[in-house]
Amino acid sequence: MIWCDEPLDSAEPLEQAADALVRAVGAARRLSVVISASSVWVWLPGDASGFTEEDLARVAPTTSARISLGRPGHDLAGFRRSHLDAVATQRLLMRLASPSRVAHYQEVQMAALLTHDLAAAEEFVHETLGDLATADEEVRRTVAAFVREQFNTSRTAERLFTHRNTVIRRLARADDLLPRPLASHAVAVAAALDIVRLRGGL
C-alpha cells in the first residue's frame, strides 16, 4: 500500500513511490488500484522484502509518499494475505503516529499485535523497559541490535560499526536501567523497543 498523510493535488508522489518499488523489485509491470486521492494499492510480481527507506529516498527523493508492504504470496490466497498484511502495517504506523516511510509486515507483526490497545501497549513498554525507554538512543539501539544478532556481542559490534567493549558497556548500562535483567526477558524487551522505534524514538 502507498499513501500520503495529507490530501494530494496530484497522484505524482504516489506514482514516484510505485515506480521506485517496481525498479527495486525488477518487475516488468504492476497492478494498481486507486483507493482515494492520497492512497493506492499496488501488487508486484516479485519480492520487495529488501526495499528500505534509503531505497525510497534514493530512487524517489522528492516523494512524500509512504509504503507499507505485506509478505510475498502466491495464488489468490497469497494475493489476499499480502494485501491484508499491508493494510495492517499501514494502520499500525498511523496508530503509533510513526514517522517511518517504509515498513514491512514481517518486521512489525509483533508490534501490530501488541498495540491494538494503545493504553495496554504503553503499560507494556513502561513495565518492560523501565528507565531504558527514555535512555540514551545508543544504549537502546545496542540492545535492539544485540537481540537481533542472537546475543552475540561481536556481531552486534560489527552491525553497529563500534568496538565490542563499547557494546558490552552499553549492555551493562541497559541492565542497570531495566526492571529485570535483559537475559531473563530479552524477547519482551525487543518487542517493547520495536514499539519505541516505530514511534520514532529509536
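Trainee: What makes the five strands an open sheet, and in which order do they stand?
Mentor: The order is β2-β3-β1-β4-β5, with mixed pairing. β2 (31-36) and β5 stand at the edges with a single partner strand each, so one side of each has no neighbour in the sheet. Strands here are DSSP runs of E with at least two residues, and helices are runs of H or I with at least four, numbered from the N terminus. The model is predicted: local features need pLDDT of at least 70, side-chain atom pairs count only at pLDDT 80 or more, and totals for chains, interfaces and linings use all residues. Residues are numbered from 1 along each chain as its sequence is written, and side-chain values use heavy atoms, leaving out hydrogens and water.

Trainee: How do you know that β1 and β4 pair?
Mentor: Two strands pair if DSSP finds at least two bridges between them. Two bridges join β1 (residues 2-3) to β4, and the strands run antiparallel. Isoleucine 2 stands opposite isoleucine 67 in β4.

Trainee: Which strands does α3 touch where it packs on the sheet?
Mentor: α3 touches β1, β2, β3 (39-43), β4 and β5, and its direction makes about 130 degrees with that of β4. The axes are lines fitted to C-alpha atoms, for helices over the stretch in contact, and angles run from 0 to 180 degrees between N-to-C directions. Contact means heavy atoms within 4.5 Å.

Trainee: Why is valine 22 called buried?
Mentor: Buried means under 20% relative accessible area, exposed over 50%, and partly exposed in between, with a 1.4 Å probe and protein chains only. Valine 22 has 14% relative accessibility, so valine 22 counts as buried. Its place is in helix α1 (residues 12-25). Leaving aside neighbours within four places in sequence, valine 22 is in contact with Ala27, Arg30 and Leu44.

Trainee: Why does threonine 63 count as buried, and what does threonine 63 touch?
Mentor: Its relative accessibility is 6%, so threonine 63 counts as buried. Threonine 63 sits in the loop between α2 (53-59) and β4 (66-69). Not counting residues up to four places away in sequence, threonine 63 touches Pro13, Gln16, Ala17, Leu56 and Arg101. A polar atom of the threonine 63 side chain lies 2.7 Å from the backbone oxygen of proline 13.

Trainee: Why is alanine 97 called exposed?
Mentor: Alanine 97 has a relative accessible area of 61%, and is therefore exposed. Alanine 97 lies in the loop between α3 (75-95) and β5 (102-104). Although not a glycine, alanine 97 has a positive phi of about 50 degrees.

Conventions:
Polar contact = N/O pair within 3.5 Å; in protein donor to acceptor, adjacent residues only side chain to side chain.
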